[in-house]
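Let's take a walk through this model, with an eye on its charged pairs.

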Amino acid sequence: MFFRESWCLACIKALKDLESNKTYFTGENIRLIAISTDMLADLKKMSDKLQLSFPVLADENQEFLKQYGVYLHGEESPYEDTGIHGEPAYFLMDENGELLYQQRQTSPYGRPSADELQQIIRFIKKKLQTV
C-alpha cells in the first residue's frame with residue numbers, strides 16, 4: 001500500500017484497517033508493506049503510535065512512486081492540498097514480482113477496504129492461472 005503521509009486521516013484509517021485484518025493476510029501468505037513519501041522520522045512516530053506490525057517504508061526521493069506510476073500531488077495539481085505527496089495506491093504481486101492487482105488514485109478517497117482487498121485476493125486465487 002502506498003499512502004499519502006502520516007498526517008492523512010484517511011490513510012491512518014486505512015492503515016488501522018489493514019492492521020486489524022492482518023491475521024487474514026498473513027494466513028493467505030500475503031506480506032503487508034506500507035510506503036509513503038513522508039520523512040522516515042514521521043513515519044516511525046506514526047507507526048509506533050498506531051502499533052503497526054508491518055513495515056512502513058519511506059520513499060523520500062519518490063523512487064518507488066515513479067517506478068510504479070503512483071500519482072504525485074504536486075504544485076501543478078488542479079486542487080490545493082497539504083504539500084507535495086504521493087496519492088494512495090495498492091499493489092498485489094506474486095513471489096516473482098508479477099503484478100496481480102493495482103489500484104492507483106488521485107485523491108485520498110475511494111481506496112479499497114481490507115474487506116474489499118480480501119474479496120480481490122479470493123478472486124485472484126480462484127482465477128490464477130498456473131503455468
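Which helix is Ser47 found in? Ser47 sits in helix H3, residues 40-50 (helices are DSSP runs of H or I, at least four residues, and strands are runs of E, at least two, numbered from the N terminus). Bear in mind that this is a predicted model, where local features need pLDDT of at least 70 and side-chain atom pairs count only at pLDDT 80 or more, while totals for chains, interfaces and linings use all residues. Residues are numbered from 1 along each chain as its sequence is written, and side-chain values use heavy atoms, leaving out hydrogens and water.

Ser47 counts as buried, at 12% relative accessibility (buried is under 20% relative accessible area, exposed over 50%, partly exposed in between, with a 1.4 Å probe and protein chains only). Leaving aside residues up to four places away in sequence, Ser47 touches Leu52 and Val56 (contact means heavy atoms within 4.5 Å).

Now for the charges. The structure holds three salt bridges (a side-chain nitrogen of Lys or Arg within 4 Å of a carboxyl oxygen of Asp or Glu). One pairs Glu87 with Arg4, with closest N and O atoms 2.9 Å apart. Glu87 lies in the loop between strands S4 (85-86) and S5 (89-93) and Arg4 in the segment before helix H1 (9-20), so this pair ties together parts 83 residues apart in sequence. Both Glu87 and Arg4 are buried.

Glu28 and Lys125 also meet in a salt bridge, at 2.4 Å, N to O. Here the loop between H2 and S1 is tied to helix H5 (residues 114-127), because Glu28 lies in the former and Lys125 in the latter. Glu28 is partly exposed at 26%, and Lys125 is partly exposed at 48%.

Back in helix H3, Asp48 and Lys44 are four residues apart, so about one helical turn separates them. Their salt bridge has its closest N and O atoms 3.0 Å apart.
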